[in-house]
Amino acid sequence: MATTAPAWVSIAATLLGGGILAYGVRQVWSGHKLKKALKAEIQSMKGLENCKNSMNSRKSPPSDKPLSPSDVPPAGSIPTTIYESNVGQLGLLCRQDLTDVVEFYSDVLRYKAIITAVRSGEDIPEPDQKDLYDSISSLEHRRRSLFGGDWMPDTEDDGTADD
């Protein structure tokens, strides 16, 4: 003789399964929204490009002539608010995006601190200035290619990006 589960067990299992499914969908959607927000923030980091151009146009490296406030962009032109306020949610990104984003922002935050110090007239150690001078082009290249291929438009006026 076959026994059947009480009706409440079936209802509980259905509710639990539905809740788990809804949670999973919400997590995927939250990860998608976070990636989209990070993309928008990274696209708006025009200060990295400006800093790269400034470093490329300098007549001498920082070891010959220290960086001055006119050599670097305002720190506000390198926004990091979305990243900083969502650090606890970064696990929602896929593994490769997570690695790329954390490595990129680690460098951005380091160089942004140097830029802030230069702009405020602080005495910056020559190795930090040289690091910024030598590495900003690479960081700007990483910014433009972070999410692969053609996610960032080449023209500033286009304003479109892949999702």
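Q: Are Phe 104 and Tyr 105 buried or exposed?

A: Note that this is a predicted model. Both Phe 104 and Tyr 105 are buried. Tyr 105 has a relative accessible area of 0%. Tyr 83 is at 9% relative accessibility, so Tyr 83 counts as buried too, the cut-off being under 20%.

Q: How many aromatic pairs are there?

A: Rings pair if their centres lie within 6.5 Å. By this rule there are 2 aromatic pairs. Tyr 83 and Tyr 105 are stacked, at 4.1 Å centre to centre with 5° between the planes. That pair links distant parts of the chain: Tyr 83 sits in helix 3 (residues 81–85) and Tyr 105 in helix 4, 22 residues apart. Phe 104 and Tyr 105 pair edge-to-face, at 5.5 Å centre to centre and 85° between the planes.

Q: Which residues form the aromatic cluster?

A: Tyr 83, Phe 104 and Tyr 105 form one cluster.

Q: At what angle do helix 4 and helix 5 pack?

A: Two packed helices are described by the angle between their axes and the distance between those axes. Here helix 4 (residues 95–119) and helix 5 (residues 126–145) pack at about 140°, with axes 10 Å apart. Helix 4 and helix 5 are therefore oblique to each other. Their crossing is left-handed.

Q: Which residues make the contact?

A: Helix 4 contributes residues including Phe 104, Asp 107, Tyr 111 and Ile 115. From helix 5 come, among them, Asp 131, Leu 132, Leu 139 and Arg 143. By class, the contact has 7 nonpolar, 1 polar and 7 charged residues.

Conventions: Residues numbered from 1 in each chain as written. Predicted model: local features only at pLDDT ≥ 70, side-chain atom pairs only at ≥ 80, totals over all residues. Heavy atoms only, no water. Axes fitted to C-alpha atoms, helices over the stretch in contact; angles between N-to-C directions. Helix = DSSP H or I, 4+ residues; strand = E, 2+ residues; numbered from the N terminus. Parallel < 35°, antiparallel > 145°, perpendicular 65-115°, else oblique. Left-handed = near helix turned anticlockwise from the far one by under 90°. Contact = heavy atoms within 4.5 Å. Nonpolar A, V, L, I, M, F, W, Y, C, P; charged D, E, K, R; others polar. Phe/Tyr/Trp six-rings, centres within 6.5 Å; stacked < 30°, edge-to-face > 60°. Buried < 20%, exposed > 50% of the residue type's maximum accessible area, 1.4 Å probe, protein only.
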